[in-house]
Amino acid sequence: MGITQCNIAHALEKTKYPDSDIYWKKFDEKYHFSCQFTADIIAMNNADFIITSTYQEITGSKNTVGQYESHTAFTLPGLYRVVHGIDVFDPKFNIVSPGADMSIYFPFTEKDKRLTALHGSIKSLIYDPEQNDVHIGHLDDRSKPILFSMARLDRVKNMTGLVEAYSKNAMLRSLVNLVVVAGYNDVKKSKDREEIAEIEKMHELIKTYNLFGQFRWISAQTNRARNGELYRYIADTHGAFVQPALYEAFGLTVVEAMTCGLPTFATLHGGPAEIIEHGISGFHIDPYHPDQAAILMADFFEKCKQDPNHWVKISDRGLQRIYEKLVPVNPVLGRCLPTWCFFMVACMIFVFSLVSRYTWKIYSERLMTLAGVYGFWKYVSKLERRETRRYLEMFYILKLRELVKSVPLAVDEAH
């Protein structure tokens with residue numbers, strides 16, 4: 001259509017499932033990797049600019065491969081081989097971090113804004129001894145701080161990994177209660193094979209480690225206002241939030257928890273590694289070394305027990321990190337743009353970097369400004385990229401159009 005196209009991939013699945021390109025045939029019926037990877041390649045190359053949440057999403061780190069970097073060269077055996085999928089040094093890449101809704105997620109210390117009318121239902125959600133499809137497990141000692149987590153119940157989010165790490169650490173169990181909000185607690189309600197496996201594993205962990213009295217499992221909650229107050233209610237107990245994912249593209253729940261004043265532990269594989277300064281505004285944990293993660297959390301709560309100001313210090317520094325976060329600039333931008341264009345873009349980004357925080361208002365303003373910049377650049381440079389676009393059209397017709405036929409359509413169960 002000739003319009004300026006922006007590509008925003010919250011998460012590219014290729015890095016979430018190791019060797020998913022080599023063994024794509026094994027998982028294609030369930031995950032449709034062949035179609036998904038092909039669509040990603042076409043979209044990111046056709047786009048005029050790309051927005052990512054973090055720098056590591058593009059190029060990774062010294063220990064991990066970036067999401068986009070993993071698409072540079074790979075092979076889907078028997079289908080095709082990619083030799084130059086994406087150039088991670090292309091100036092079309094931009095980093096604009098998502099944000100939390102500040103009307104819902106705000107510090108627990110702002111008493112006049114607290115949604116106290118919801119405290120009754122939140123208290124019931126956490127402490128009501130009744131066992132049902134909303135919550136199972138119970139907490140005997142209500143004086144303990146709460147270690148809290150909230151995520152989808154799938155393998156990558158690693159909620160069962162967190163429960164197992166907690167279960168095996170006697171000191172951590174003696175110091176805090178564990179409360180998780182994740183998926184369903186009844187396998188009959190889920191139709192996702194991966195979630196069903198995680199539900200069964202969770203029930204097995206509860207029995208194996210006798211977590212009754214120390215663990216509460218709450219089914220997924222969709223009331224955003226109550227979820228915001230839930231973070232603050234956990235903060236009132238001098239608890240902490242933990243995000244244990246095997247890989248996390250950005251980590252919006254990390255931002256939400258920190259915005260509410262909760263000290264936060266989060267995976268070092270992905271976006272949280274950039275959001276949190278380890279030991280200062282929160283803590284990095286390695287989900288592949290759960291014993292070490294449990295020890296780190298136990299040490300934190302032991303220090304808080306000895307000195308309550310330690311909890312306050314980490315909470316305050318987490319809030320400071322949220323409100324003072326600067327946006328990094330693509331270091332190759334200067335080498336790729338004409339001098340006048342680079343100066344204009346650099347000035348724009350510099351101004352934004354001075355005020356940028358994890359808020360959706362700033363996100364939308366930057367998105368619209370970048371759309372204007374890249375639209376103007378596309379117009380004045382006459383960079384039509386005809387060869388690339390014709391190749392992508394061929395790739396679409398010969399490959400993607402056939403691959404999508406293998407992907408089943410969503411069916412409305414009501415009909």
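User: In this predicted model, what does Asn 169 touch, leaving out residues up to four places away in sequence?

Analyst: Asn 169 touches Ala 294, Ile 295 and Ala 298. Each of these counts as a contact because contact means heavy atoms within 4.5 Å.

User: Where is Asn 169 placed?

Analyst: Asn 169 is in the loop between helix H5 (159–168) and helix H6 (170–175).

User: Why is Asn 169 called buried?

Analyst: The relative accessible area of Asn 169 is 13%. Buried means under 20%, so Asn 169 is buried.

User: How much space lies in the largest pocket, and which residues are closest to its centre?

Analyst: The largest pocket holds about 560 Å³ of space. It is lined by 26 residues, and Asn 45, Gly 85, Lys 92, Arg 385 and Thr 388 are the closest to its centre.

User: Which elements each supply at least two residues of that lining?

Analyst: They are helix H2 (33–46), strand E4 (80–82), helix H15 (360–381) and helix H16 (386–403).

User: What is known of the second largest pocket?

Analyst: About 400 Å³ of space lies in the second largest pocket. Of its 21 lining residues, Ala 151, Arg 152, Lys 157, Glu 248 and Thr 253 are the closest to the centre. Helix H9 (residues 252–259) gives the most to this lining, with three residues. The lining divides into ten nonpolar, six polar and five charged residues.

User: What makes strand E6 and strand E12 edge strands?

Analyst: The open sheet of seven strands has the order E6-E9-E8-E7-E10-E11-E12, with mixed pairing. Strand E6 (135–136) and strand E12 (283–285) each pair on one side only, and they are the edge strands.

User: How do you know that strand E10 and strand E11 pair?

Analyst: Three bridges join strand E10 (residues 240–243) to strand E11 (residues 264–267), and the two run parallel. Pairing needs at least two bridges, so these strands pair. In E11, Ala 266 is the bridge partner of Gln 243.

Conventions: Residues are numbered from 1 along each chain as its sequence is written. This is a predicted model: local features need pLDDT of at least 70, side-chain atom pairs count only at pLDDT 80 or more; totals for chains, interfaces and linings use all residues. Side-chain values use heavy atoms; hydrogens and water are left out. Helices (H or I, at least four residues) and strands (E, at least two) are DSSP runs, numbered from the N terminus. Buried means under 20% relative accessible area, exposed over 50%, partly exposed in between (1.4 Å probe, protein chains only). On a 1 Å grid over the protein atoms alone, a cavity is a set of points where a 1.4 Å probe fits but cannot get out, and a pocket is an open set with protein on both sides within 12 Å along at least five of seven lines; lining residues have an atom within 4 Å of a point. Grid points are joined across faces, edges and corners, and a volume is the space filled by probe spheres set on the points. Ala, Val, Leu, Ile, Met, Phe, Trp, Tyr, Cys and Pro count as nonpolar, Asp, Glu, Lys and Arg as charged, and the others, Gly among them, as polar.
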